[in-house]
Amino acid sequence: MARAPRALRRRPRASRLPLNLAALLTLAVSVFPVYWMVVTAFKPSADIQSDTPSFLPLHPTLAHFRTAVDSPGFGTFWRNSLTVTLGAVLMSLVVALLAAFAVGRMRWHGRRAFLLMVFVAQMAPWEALLIPMYVIARDTDMLDKLSMLTLVYFMTTLPFTIVTLRGFLAAIPVELEEAAQVDGCTRPAAFRRVTFPLLAPGLLSTSLFGFITAWNEFAFANTLIIKNQDARTLPVWLASFSNVFGTDWGATMAASSLFMLPVLVVFLLLQNRVTSGMTAGAVKG
C-alpha cells in the first residue's frame, strides 16, 4: 500500500498547532493568578507596594507567613473548616450513593420526577438560599453553630453528587451484579462486593468536588456565623486581614497560599485514581 505524501502526513500535526497554542494560553491565564499570589506571599511589604512589579521575590521573606500563622484563631479556624468540610462530604456521599442506586438500579413510580427535582435543585443559585437559610437557622436556634453550616454544605453539594454518582453507576454493567447473584450473592451483597469497588472513581471525583466547594465557601459561613468568632471558617478568616486602615496584602497572600494547600494535596492524591474507564470490557470473560 502506497504511503501518503509527507506534506499530507504533516498536515494533522500542523492543524493542531492553534489548539495547542490556545491551550497554553488558557493554562497561563489560569495559573498566573495563583503564581502571583504565592510570589507575593514571599515578597517584603516594600516590594509589594512598589510601582515596578517583579515576577520573582528579589528578597524573599517568611514574615507574612508568620503573621498569618500567629493571627488569633488560626488553629481554630483550620479545625472548623476541616470539620465542616469532611462532615458535609461524608454525609453527601452516603446519601447520594443510596439515592443513585435507587435511581440507577431500580424502577419505581416518580423516579423521573425525583431526577427532575434534583436537576432543578442543582441549578438553583446559592445566593437565593442565603435569606431562607438564615431564617431557618434563626428560628431553630442554629445560628453560630458549625452543625448548621455542615448541613447547609451537605444540602448544596448533594444534588451534584447524586447526578454524578448516577452517571458512574450507569456506566457499570448490571450484568456483573446479576452474575454475582447467580453465584449465590444477595442483591446488597452483590452491590457491596462487585459494584461498590468499581464505583470508587466516582466516589473519589465527587468527594473532590464536594471538598473544594465546601472548603472555599464564604457567603453562608459569613451569614450564618455572626457572633461566635470561634465558629468561623478559613474563608471568613481571610477577610480579617482587611480593615479600615487598609489591607495587609502580604499576610493575605500568605494566608491564601496556606488556605490552598489542603485542596492541592487532596487533588494530587486523587488525580491518578479519578477515572471512569475502569469497567471497560469487564463483562468479557
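The lining of the largest pocket comprises ten nonpolar, four polar and no charged residues (Ala, Val, Leu, Ile, Met, Phe, Trp, Tyr, Cys and Pro count as nonpolar, Asp, Glu, Lys and Arg as charged, and the others, Gly among them, as polar). The model is predicted, with local features requiring pLDDT of at least 70 and side-chain atom pairs pLDDT 80 or more, while totals for chains, interfaces and linings use all residues. Residues are numbered from 1 along each chain as its sequence is written, and side-chain values use heavy atoms, with hydrogens and water left out.

A pocket is an open set of points on a 1 Å grid over the protein atoms alone, where a 1.4 Å probe fits, with protein on both sides within 12 Å along at least five of seven lines; lining residues have an atom within 4 Å of a point. The largest pocket holds about 270 Å³ of space, the volume being that filled by probe spheres set on the points. Of its 14 lining residues, A121, W126, M155, T156 and P159 lie nearest the centre. Two or more lining residues come from each of α6 (111-123), α8 (146-170) and α11 (200-216) (helices are DSSP runs of H or I, at least four residues, numbered from the N terminus). The most, six residues, are given by α8.

The second largest pocket contains about 170 Å³ of space. Its lining has five nonpolar, three polar and one charged residues, among them S71, R232, W237 and F241. S71 is found in the loop between α4 (63-69) and α5 (74-105). With a relative accessible area of 12%, S71 is buried (under 20%). S71 touches W237 and F241, residues up to four places away in sequence not being counted (contact means heavy atoms within 4.5 Å).

Conventions:
Buried < 20%, exposed > 50% of the residue type's maximum accessible area, 1.4 Å probe, protein only.
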